[in-house]
Amino acid sequence: MQSESHEFALVRKLTFMKNFLFETATAWSMAGKITQAIAAPVTAILILVSFTPTVQGYHYSFASLLALQIFLELGLATVITTFSSHEWVRLRLDGRGRVVGDGNALKRLSSLALASFRWYLVAGLILFGVLGLGGTFFLGIRDEGASVGWRTPWLLLCAASVLTFSLTPIWALLQGCGQIGEVYRYKFVESLGKSIVLWSSITAGAGLWSAGLSGLFSALLAACFLWVRYRRFLASLLAGFESSPSVNWWQEVFPLQWRIAVSWVSGFFAFYLFTPAIFYFQGPEAAGQMGITWAIVGGISGLASTWAQIRAPQFAQLVADRRFEELDRRAIQTGTIGVAFSFACGLAAIGALAIAQIYSPSTAARFLPLGPVILFLASDVLHQISVTQSTYLRAFKREPFMVLSVVFGTLIAAGTILLTPTVGVRGPAISYLVATIIGLAIATRIFLRARREWTFPRTFAR
């Protein structure tokens, strides 16, 4: 009997893992992430073949500077998804793709949507000014820029990025409103198409124009898709809005948003400062090494965190239904898969770089040395635990990691700025690992305390 019980438990776990891995949203998201993971080394190879080390440095510095949009986005997409998930419990799409259901829930969702659209429209205009002027000034600091025509390609990339940025609230709403499978299916197609445009542009000799052309393609494709597939969804939301909004932004949304905003702004210093800092202290060639390495690390991290991103709306719905046992179970499985993926992909990346150092030293020299790479990849394995913890707690419409995010970003930024002038490219890697270890220890303590206070005592359905 005990043996049969163990066999039944094993079969149940395997069945759950099969469904978990291959459910629609997960499958499409994984397809997109795998495409990105495969695209990253292909892009890196094309850049190594087609770009000079200096142009490579500007290419990846472009990508890092675009992250300045964090200062205007302020984590609002995460808030939109969380709040819309809570309202969607009482709503649905009819046969024509319009939102129907509880009138009060529709009104609240509509007011949330309209406020979000206004925010991103104004922020997008500001973003273009910040990127166009501030980015041009920063990139012009190094004398090497005189031999590289980067200004006009940079402005094209800024314009394309602002167009994409302005569509962000729509994607966040769709994910919160049960369309996560459709969203990730589109993201897969977009990722594939964007990569093809980027590769074609690089191969054709477009140089620094390549990123802007692929970004413009992405923005136009997204606009067309949303118009064809979800114009009735958006129209019904706007039609459901009344003169007196039912969502009080300052009392309901802003208390969560500003906390997440602080975390996101801290994230810029934690994840996007490396390449600009090395560009400033070491020059474009060293920035190119950092940029291409961080692109690989970021691709692995994105792939590993896929399950946490997909589970965010489900976590919020489980909280709304007070199904905390199910929430715990899914969080554990989500975190385990994320850590395992990060570890396995990290080992593969380290092995590939080690082989390149032996058989193609000139290629390996375009990346960071093996030591800093190992530090970055080890840090990401630990980081995946924090990803699951933050996804779990944000489902409660709260942000207990705000102060920790500031400390985390400050440690990394300070270490990067202080160490890079003396130890070079090893500075960011050392800073990132030390801050990750300290941050994870503090985050785990916060997580356990918050979980105990927010989910206990528990009531169980009979």
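Predicted model: local features only at pLDDT ≥ 70, side-chain atom pairs only at ≥ 80, totals over all residues.

Leu411 counts as partly exposed because its relative accessibility is 37%; buried means under 20% relative accessible area, exposed means over 50%, and partly exposed lies in between, with a 1.4 Å probe and protein chains only. Leu411 lies in helix H18. Helices (H or I, at least four residues) and strands (E, at least two) are DSSP runs, numbered from the N terminus.

Residues are numbered from 1 along each chain as its sequence is written, and side-chain values use heavy atoms, with hydrogens and water left out.

Helix H18 (402–423) and helix H19 (426–455) each supply at least two residues of the patch, and the largest share, 4 residues, comes from H19.

Let me now turn to the chain as a whole. The protein chain has 19 helices and 2 strands. Of its 462 residues, 52% are buried. The chain exposes about 21,000 Å², and carbon and sulfur atoms supply 67% of that area. Among contacts with a separation of 6 or more, 82% are between residues 24 or more positions apart; contact means heavy atoms within 4.5 Å.

Next, a helix on the inside. Is helix H8 largely enclosed or largely open? Helix H8 (residues 168–176) is largely enclosed by the rest of the structure, because 8 of its 9 residues are buried. Those buried residues are Pro169, Ile170, Trp171, Ala172, Leu173, Leu174, Gln175 and Gly176. They pack against helix H5 (76–88), helix H6 (103–139), helix H7 (151–166), H9, H10 and H14. After H8 comes Gly178, with a positive phi near 80°.

We come to a pair of helices. Two packed helices are described by the angle between their axes and the distance between the axes. Helix H14 (residues 306–320) and helix H15 (residues 324–359) pack at an angle of about 170°, and their axes are 10 Å apart. Axes are lines fitted to C-alpha atoms, for helices over the stretch in contact, and angles run from 0 to 180 degrees between N-to-C directions. H14 is therefore roughly antiparallel to H15, a label for angles over 145 degrees; under 35 is roughly parallel, 65 to 115 roughly perpendicular, and the rest oblique. Residues making this contact include Trp307, Arg311 and Phe315 of H14, and Phe324, Arg330 and Phe341 of H15.

In the loop between H14 and H15 we find Arg322. Arg322 has a positive phi of about 60° although it is not a glycine. With 45% relative accessibility, Arg322 counts as partly exposed.

Finally, the salt bridges. A salt bridge is a side-chain nitrogen of Lys or Arg within 4 Å of a carboxyl oxygen of Asp or Glu. How many salt bridges does this rule give? The count comes to 10.

One of them joins the side chains of Asp94 and Arg98, at 3.1 Å from N to O. Asp94 is buried, at 18% relative accessible area, whereas Arg98 is partly exposed, at 36%.

Glu182 forms a salt bridge with Arg185, at 2.3 Å from N to O. Because Glu182 and Arg185 are 3 residues apart in helix H9 (residues 180–203), about one helical turn separates them. Glu182 also forms a salt bridge with Arg229, where the closest N and O atoms are 3.8 Å apart. This second pair links distant parts of the chain, since Glu182 is in helix H9 and Arg229 is in helix H10 (residues 209–239), 47 residues apart. Arg229 is partly exposed, at 38% relative accessible area. Elsewhere, salt bridges that share partners join Glu87, Arg90, Asp102 and Arg108 into one network.

Conventions:
Areas by Shrake-Rupley, 256 points an atom, 1.4 Å probe, with all protein chains shown as cover.
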